[in-house]
Amino acid sequence: MSAHDREAWTIDDIRREFERYSALVNAADLAPSTKSTYLAHADRFVRWLAGEVHIAPGRRPSA
């Protein structure tokens with residue numbers, strides 16, 4: 001796929017796809033903790049894309 005073939009996704013498109021992903025994860029034969037991890041990280045990423053999550057820069061631990 002070339003750059004010209006790609007279409008822009010809106011945040012609503014991404015949220016709809018996240019809902020599809022959530023349904024797949026919830027239907028999968030996975031441990032509850034695995035499902036929670038998959039969904040929490042994906043949800044946080046979608047919310048970050050939407051500008052709803054702000055990650056403050058942290059300090060690196062000294063070596």
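The model is a predicted one.

**Entry 1: aromatic pairs**

I looked for paired rings first. How many aromatic pairs does the count come to? It comes to 2. I noted F18 and Y21 as a tilted pair, 6.5 Å centre to centre with 40 degrees between the planes. The label follows from the cut-offs: planes under 30 degrees apart count as stacked and those over 60 as edge-to-face, so the rest are tilted. I then placed the two residues. Both F18 and Y21 lie in helix α1, residues 11-27. They are 3 residues apart, about one turn of the helix.

Is F18 buried or exposed? F18 counts as buried, at 13% relative accessibility. The cut-off for buried is under 20%, so a residue below that value gets this label. Y21 is partly exposed, with a relative accessible area of 32%.

I turned to the other pair, F45 and W48. Their ring centres are 5.9 Å apart and the planes stand at 25 degrees, so this pair is stacked. Where do F45 and W48 lie? Both are in helix α2, residues 32-49. They too are 3 residues apart, about one turn of the helix. F45 is partly exposed at 47% relative accessibility. W48 is also partly exposed, with a relative accessible area of 44%.

**Entry 2: around W48**

I stayed with W48 and looked up its contacts. Which residues does W48 touch, not counting residues up to four places away in sequence? The answer is V53 and I55.

I55 turned up again in the surface search. A nonpolar surface patch of about 440 Å² is made by F45, W48, L49 and I55. L49 is found in helix α2. Its relative accessible area is 39%, and L49 is partly exposed. The stacked rings of F45 and W48 thus belong to residues of this patch.

**Entry 3: salt bridges**

I moved on to charged side chains. The count comes to 4 salt bridges. I wrote up three of them, R15 with E52, E17 with R20 and D43 with R47.

I took E52 and R15 first. Their side chains meet in a salt bridge at 2.6 Å, N to O. Which parts of the chain does this pair link? It links distant parts: E52 sits in the segment after α2, and R15 sits in helix α1, 37 residues apart. E52 is partly exposed at 42% relative accessibility. R15 is partly exposed as well, with a relative accessible area of 31%.

R20 and E17 came next. Their side chains form a salt bridge of 2.9 Å, N to O. Both residues lie in helix α1, 3 residues apart, about one turn of the helix. R20 is exposed, with a relative accessible area of 53%. The cut-off for exposed is over 50%, so a value above that gets the label. E17 is partly exposed at 31% relative accessibility.

How many residues separate D43 and R47 in helix α2? They are 4 residues apart, so about one helical turn separates them. D43 is partly exposed, with a relative accessible area of 29%. R47 counts as partly exposed at 30% relative accessibility.

Terms used:
Residues numbered from 1 in each chain as written. Predicted model: local features only at pLDDT ≥ 70, side-chain atom pairs only at ≥ 80, totals over all residues. Heavy atoms only, no water. Phe/Tyr/Trp six-rings, centres within 6.5 Å; stacked < 30°, edge-to-face > 60°. Helix = DSSP H or I, 4+ residues; strand = E, 2+ residues; numbered from the N terminus. Buried < 20%, exposed > 50% of the residue type's maximum accessible area, 1.4 Å probe, protein only. Contact = heavy atoms within 4.5 Å. Patch = residues over 30% accessible without salt bridge, like charges linked within 9 Å, V, L, I, M, F, W, Y side chains within 5 Å. Areas by Shrake-Rupley, 256 points an atom, 1.4 Å probe, with all protein chains shown as cover.
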